[in-house]
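Welcome! Here is a friendly first tour of a structure that may be new to you.

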Amino acid sequence: MRSLDPLDLYEIDDLLSDEERMIRDAVARFVDEKALPLIPKCFDEARFPAELIPEIADLGLLGSSLEGYGCAGLNATSYGLICQELERGDSGLRSFVSVQSSLCMYPIHAFGSEEQKERWLPEMAAGRVIGCFGLTEPHGGSDPSNMKTRARKDGDDWILNGAKMWITNGNIADIAIVWAQTDDGVQGFIVEKDFDGYEAREIHAKMSLRASITSELYFDNVRVPDANRLPNVKGLKGPLSCLNQARYGITWGPIGAATACLKEALDYCGERELFGRPVSATQSAQVKLADMARRITSAKLLSWRLGRLKDEGKLHPSQVSLAKWNNVRMALDIARECRDLLGGSGITLEYSAIRHALNLESVITYEGTETVHQLVIGRELTGHNAF
Amino acid sequence: MKILVTLKRVVDYNVRVRVKSDGSGVETDGVKMSINPFDEIALEEALRIKERGEAEEVIVASIGGDEVQQQLRTGLAMGADRAIQVSADGDVQPLTAARTFLKLVEKEEPGIVFLGKQAIDDDANQTGQMLAALWDRPQATFASKVELADGKATVAREVDSGLETIEVDLPAVLTSDLRLNEPRFVKLPEIMKAKRKPLETLSLEDLGVERAGGIEAVSYEPPPQRGGGKVVESVDELVSELKSKGLL
Ligand SMILES: Cc1cc2nc3c(=O)[nH]c(=O)nc-3n(C[C@H](O)[C@H](O)[C@H](O)COP(=O)(O)OP(=O)(O)OC[C@H]3O[C@@H](n4cnc5c(N)ncnc54)[C@H](O)[C@@H]3O)c2cc1C
């Protein structure tokens, strides 16, 4: 009988096109050769490896699913595979690309004016302009309809006041896509870093996503020209459609993190001999490892299906919620269990399990907490809004 | 000038190779396959030569079933201009490969045929040398530096005693060693462009290649497991251990 690839028992690889596989392998090589040698130290020092940005851009990873403006125009599955491979390295790396691509370049592409697209997108694809996305506010991220940040019209300009919290890339960003209440409903503004009254403060002492920058943004009477307002969307559907893009990618990312953990645990348990046999020859280790393979396999199939639905233009936000909930939970549980299988070694950065487990504590919270996604599915099933 | 680069599909160098349970070969089902790393280095060098304006076209060629198209597409995504698949099933021995490449040489008339010094699957290290003999042209193998001028290639070769520099007249066969260069990363937009580059399929029969049958693989077995190490307490104990093993 032929033997199966332990990391792809269902031969999901065969569901990918040659190009999709090549894209995955190209990103995988970058992660293995360029990112992973840096990441544990960056995590330890709580430092984002900004020196990788030019190479990330050069590979074509920024705004990769957008058409035109220097972007690669890849399909949804390819974007997913990029997220998967980056997060096999570190969730922080994937967060950087998700925010730049789905939360900053996407809204400019979808809702921006032609001048805004031409001004910002090619520079962002080249990694010369970095963006951040300000939706969450200090008083409660799960309820964005209760937004306090306000933009008031003043002649041809807008005056922005308020604060945003937990903003990825905040302190390295050249522009912030800021969502604010107006008399016309929620609107998006491109705030440039040198605008008077705008300030980003880095959040320190994080125990998760340490190789990623997270900031608070403050707006104190910031004057924003109307030319920096995204003209083609009003209401919460603006930011929510960005989140739907990013969350789709986030369903793929944790597959990478979980795969890295499983591979490491398989190697470790195969080599570590206790009581005269490898740990992997014990029933309890096998049950754990088998269960991980089962959960990774089903997560992969969910994301693969989502990718095809997205390319067919049929993706429903509730479908994304189901996969975001399932896949992040799957990876978080697997990372914790792998940490345990590694014994004492598992608490160090020499192995990746604890780093992934800690990172995934953020991934399960951001872009809609697990509870929020469960409530989305509950509403889909019952018709009752239980938020 | 054209450069013909040969790409062999092999088990990826990161994969821990497993022998099939019946000893008939090496497991390739569900195993990641890649371009032979030395061939990738050869292609990188050819692309750099072209980018310096010293060649007009880089053609990649591979022998095998339709699965080798994956490696050819990767070669196109790295920057090759077009690809040739010579379809053949089963084991292709070095002499068969050399005869096949000779036919491609007659068809394409390249100034350089660039191969890897060996493929990491069977480690034969023969195809380039055989091709040079069949073609009756010079060869510069184990290249770690290549410079072209006035219809000649100056090649630093990695030999046991260090580096040897030789000059060969073109057309010639070159084979790459590990330190020649570091192959580039494939960029995602190039992968999409590679889809539209020409890939021609020929067969051994089309080319009139006679298969060589000189080598028969009798059986495969994994290398013996390494025994565990031993920690010694003192230098004296180390010396006596080494003596008892006849190593001192
Ligand atoms: C590392 C990191 C990076 C981030 N990056 C960004 C970014 O770039 N841009 C951005 O805008 N935001 C970002 N966020 C913010 C993130 O999206 C929010 O943290 C998230 O939406 C949750 O909001 P909150 O932290 O205010 O928690 P809260 O909304 O206060 O939730 C607290 C708890 O209440 C639960 N809860 C909420 N509603 C209900 C309900 N109806 N019923 C029952 N339980 C409920 C939640 O599940 C959670 O357990 C980031 C967060 C982190 C941690």
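This is a predicted model: local features need pLDDT of at least 70, side-chain atom pairs count only at pLDDT 80 or more; totals for chains, interfaces and linings use all residues.

Residues are numbered from 1 along each chain as its sequence is written, chains are lettered from A and ligands numbered from 1 in the order in which they are written, and side-chain values use heavy atoms, with hydrogens and water left out.

**Chain B as a whole**

- Chain B has seven helices and 11 strands; helices (H or I, at least four residues) and strands (E, at least two) are DSSP runs, numbered from the N terminus.
- Along the principal axes, the C-alpha atoms of chain B fill a box of roughly 65 × 45 × 40 Å.
- Of the 248 residues in chain B, 46% are buried; buried means under 20% relative accessible area, exposed over 50%, and partly exposed in between, with a 1.4 Å probe and protein chains only.
- Taking contacts in chain B between residues at least 6 apart in sequence, 71% join residues at least 24 apart, where contact means heavy atoms within 4.5 Å.

**A closer look at B:Gly25**

- You can find B:Gly25 in the loop between strand 2 (9-11) and strand 3 (33-35) of chain B.
- B:Gly25 counts as buried because its relative accessibility is 6%.
- Neighbours within four places in sequence aside, B:Gly25 is in contact with B:Val19, B:Lys20 and B:Tyr220.
- B:Gly25 and B:Glu221 are 196 residues apart in sequence, and their C-alpha atoms are 8.4 Å apart in space.

**Where the two chains meet**

- On the chain A side 25 residues are in contact with 23 residues of chain B.
- About 2,000 Å² is buried between chain A and chain B, and carbon and sulfur atoms give 58% of that area; buried area is the accessible area (1.4 Å probe) that two parts lose on being put together, summed over both.
- Within chain A, the residues that lose the most area to chain B are A:Glu19, A:Met22 and A:Arg29, together 29% of what that side buries.
- Between chain A and chain B the count is one salt bridge, meaning a side-chain nitrogen of Lys or Arg within 4 Å of a carboxyl oxygen of Asp or Glu.
- B:Lys187 and A:Asp58 form a salt bridge, with their closest N and O atoms 3.5 Å apart.

**Salt bridges**

- Over all chains, a search of the whole structure finds 55 salt bridges.
- In chain A, the side chains of A:Lys164 and A:Glu137 meet in a salt bridge at 2.9 Å, N to O.
- A:Lys164 lies in strand 3 (residues 157-168) of chain A and A:Glu137 in the loop between strand 1 (131-134) and strand 2 (150-154), so this pair ties together parts that are 27 residues apart in sequence.
- Both A:Lys164 and A:Glu137 are buried.
- In chain B, the side chains of B:Arg157 and B:Glu164 are joined by a salt bridge of 2.6 Å, N to O; B:Arg157 is buried, at 14% relative accessible area, whereas B:Glu164 is partly exposed, at 34%.
- B:Lys245 forms a salt bridge with B:Glu241, their closest N and O atoms being 3.8 Å apart; B:Lys245 is exposed at 57% relative accessibility, and B:Glu241 is partly exposed at 21%.
- Salt bridges that share partners also link B:Lys2, B:Glu57, B:Arg82, B:Lys107, B:Glu108 and B:Glu200 into one network.

**The second largest pocket**

- The lining of the second largest pocket counts 45 residues, and A:Gly141, A:Arg247, A:Tyr366, A:Glu367 and A:Gly368 lie nearest its centre.
- A pocket here is an open set of points on a 1 Å grid over the protein atoms alone, where a 1.4 Å probe fits, with protein on both sides within 12 Å along at least five of seven lines; lining residues have an atom within 4 Å of a point.
- Helix 7 of chain A gives the most to the lining of this pocket, with six residues.

**A buried arginine in chain A**

- A:Arg355 is found in helix 10 (residues 353-363) of chain A and counts as buried at 3% relative accessibility.
- Beyond its neighbours within four places in sequence, A:Arg355 has contacts that include A:Leu36, A:Phe43 and A:Asp90.
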